[in-house]
Amino acid sequence: MLARRLSRSSLHITRSFRICDTRANSSITSDAQSKSQKPYYVTSPIFYVNAAPHIGHLYSMVIADILARWEIMKNPFRDVYYTTGTDEHGLKIQQAAKLEGIPPLQLADYTSERFRNLATAAGLVSTTFIRTTEERHAKSVEDIWRRLVQKGYIYKGVHEGWYAVSDEAFYTAKEVEEVADPSTGIVSYRSIETGKNVVWTQEENYKFRLSEFREPLTQWIQEHSPIYPKKRQEEILHFISDKTSLQDLSVSRPRNRVEWGLPVPNEPSHTIYVWLDALSSYMTAVGHPWANEQAMKAGGWPADVHVVGKDISRFHAIYFPAFLMALDIPLPRSILCHAHWTMNRQKMSKSVGNVVDPFQILERYGGDSVRWYLATLGGHFMDDVDWSLEQLEILHNRDLRGIGNLYKRLHGKSLCSETRVALPSLSSKHSIEAELVESLMTVSRDVTESMKAQEVSRAIEQIMNRIDLTNRYLSQREPWRAPPSTSRDGSIALARESLRICSTLLQPFLPGKMPILLDWLRVPAGMRSLTWATFGAFQSVGGYVATPEQKLFEGI
Ligand code: MSP
């Protein structure tokens, strides 16, 4: 049984992914372990439905998908849940629908479907696609609101301050700057952080006692170090330490201003703040309100990782954990904040009009090449990356063709035989052969460490170093020129062993093509997990036959 690929309709259904592993000795312990362990849970942000998906959104989805697939490969006995979806309420959507002259739900239905299609086109292993306009979500948020009120964390107050509709965020005076239009001299105000216009609002709101959470939040972050990269964590700690920043948070808007949203229970003249609504979706997607702790764990809660863009780190690393603390619900294990894709160094966004259509790119280059580009250049997470098709093609031609080349070189009829060929015995410690063997012995450990530290680019680089070394090794040995001999067979076996280990490790990054390679290498479905990515683990299985060549990676 293989990790199942999702059909479009199955995106609605909550279900977990497992791959079967036939490790004879470890199956009993792993099964027992998986029963005591909660399912792994990863989320992408849920996307606003005011505009069509762009590459930045696909990137968030793909990074979460890589983490989900890594976990599936690492522990085939553990259930893996991955939630994505759409954020459909709030003033931003209300205004966008008004501009289009259609009801907000019509806009939401239309755009949500496009995000769902993108998840399918990108081949995500997502188990749940959540929409905040679903009935189950309304129930979940209502429960959260009532409990926050019961516990005394919500009170009625008056809010006076700046609000950016585009960010659906409140800002303090310190976070806002004045700008004068050079041609007209007209003065307006905008958020220093996001550059989005703000308007002064004064209204009656319900407020959440966020200021009470300064200490517990600081302690949580210092003890668990949950935010990646660490530089982002420092920024968050700095923000929390500033008394003027961490004030009580408005968690409702007057209904007459924001009518598109969930009403405050028993107070329909107020609408629940869209971020409280949206963040709760991570819980709704895995069964909140839970009947008991067991049900919560069975749903996978708390999330192992929330993948988010740096623009929304504050909501995930401060507001959400504070809500959860107030509710006595366990906090996420980690939050991965990625940087942005830019176009000519400006953040790609619909409002600027500089977006790249992800459907077109997927169609033109195929899922694996696009993932590779997004993950290789975007997997450092700290720095913004400027979008470039030229770069995408360079990476494809350098890395993916490198893998394809290795496969092609080993595929020749003369190099294949039904009988198993033994790995070479090493004659010298200083040979390229010894270097390759040593690097294959450590690759799985290195990549695992990188993935644990959420350093996706580094993990990719570590695998590619081995592919490159294997290609160099083959160029030196040229087994296709040598007459049949034990040493020739040894070189072929070693190169194949390298390809087997690398393509096993590459599955989360290149889920479209790696199964082809592993099929060719005759790796049974149950031997494609991380434990098998060790040198020599596969020796007991048969030889390699020349099969009709399947296209792997062509040059662009
Ligand atoms: N709806 C909120 C998230 C709520 S999560 C409970 C939201 N939506 S969004 O559609 O504006 O953005 C969704 C994600 O896409 C965010 O993580 C954001 O950082 C990411 N990106 C939007 N533009 C991006 C780039 N140009 N580059 C990389 N990621 C980008 O925020």
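Gly366, whose phi is positive, near 85°, follows helix α11 in this predicted model, where local features need pLDDT of at least 70, side-chain atom pairs count only at pLDDT 80 or more, and totals for chains, interfaces and linings use all residues. Residues are numbered from 1 along each chain as its sequence is written, and side-chain values use heavy atoms, with hydrogens and water left out. The secondary structure of the protein comes to 17 helices and 18 strands, taken as DSSP runs (H or I of at least four residues for helices, E of at least two for strands) that are numbered from the N terminus. Of the 556 residues in the protein, 57% are buried, a term that stands for under 20% relative accessible area, with exposed meaning over 50% and partly exposed lying in between (1.4 Å probe, protein chains only).

**Helix α11 and its surroundings**

- Helix α11 spans residues 358–365, and within the helix Pro358, Ile361, Leu362 and Tyr365 are buried.
- Seen down the axis of α11, these buried residues fall within an arc of 100°, so they line one face of the helix; the arc is that of the directions from the helix axis to the C-beta atoms.
- Gln360, Glu363 and Arg364, on the other side of α11, are exposed.
- The cover over the buried residues of α11 includes α2 (55–74), α4 (104–121), α12 (367–378) and α13 (389–411), where contact means heavy atoms within 4.5 Å.
- At the N-terminal end, α11 is capped by Asp357, a side-chain oxygen of which lies 2.9 Å from the backbone nitrogen of Phe359.

**Packing of α2 against α12**

- Helices α2 and α12 pack at an angle of about 85°, with their axes 10 Å apart; axes are lines fitted to C-alpha atoms, for helices over the stretch in contact, and angles run from 0 to 180 degrees between N-to-C directions.
- The two helices α2 and α12 are therefore roughly perpendicular to each other, the class for angles of 65 to 115 degrees, while under 35 counts as roughly parallel, over 145 as roughly antiparallel and the rest as oblique.
- On the α2 side the contact is made by Ile55, Leu58, Tyr59, Val62, Ile63, Asp65, Ile66 and Arg69, and on the α12 side by Val370, Arg371, Leu374, Ala375 and Gly378.

**Asp248 in its loop**

- Asp248 is placed in the loop between α7 (230–241) and β10 (249–250).
- Asp248 and Ser211 are 37 residues apart along the chain, yet their C-alpha atoms are separated by 5.2 Å.
- The side chain of Asp248 makes a polar contact with the side chain of Ser211 at 2.6 Å; such a contact is a pair of N or O atoms within 3.5 Å, where within protein one must be able to donate a hydrogen and the other to accept it, and residues adjacent in sequence count only if both atoms are side-chain atoms.
- A polar atom of the Asp248 side chain also lies 3.3 Å from the backbone nitrogen of Leu210.

**Two threonines**

- Thr172 is found in the loop between β5 (169–171) and β6 (176–180), and Thr172 is buried, with a relative accessible area of 18%.
- Leaving aside residues up to four places away in sequence, Thr172 touches Trp162, Thr244 and Gln247.
- Thr218 lies in helix α6 (residues 214–224), where a polar atom of the Thr218 side chain lies 2.6 Å from the backbone oxygen of Arg214.
- Not counting residues up to four places away in sequence, Thr218 touches Leu237 and Ile240.
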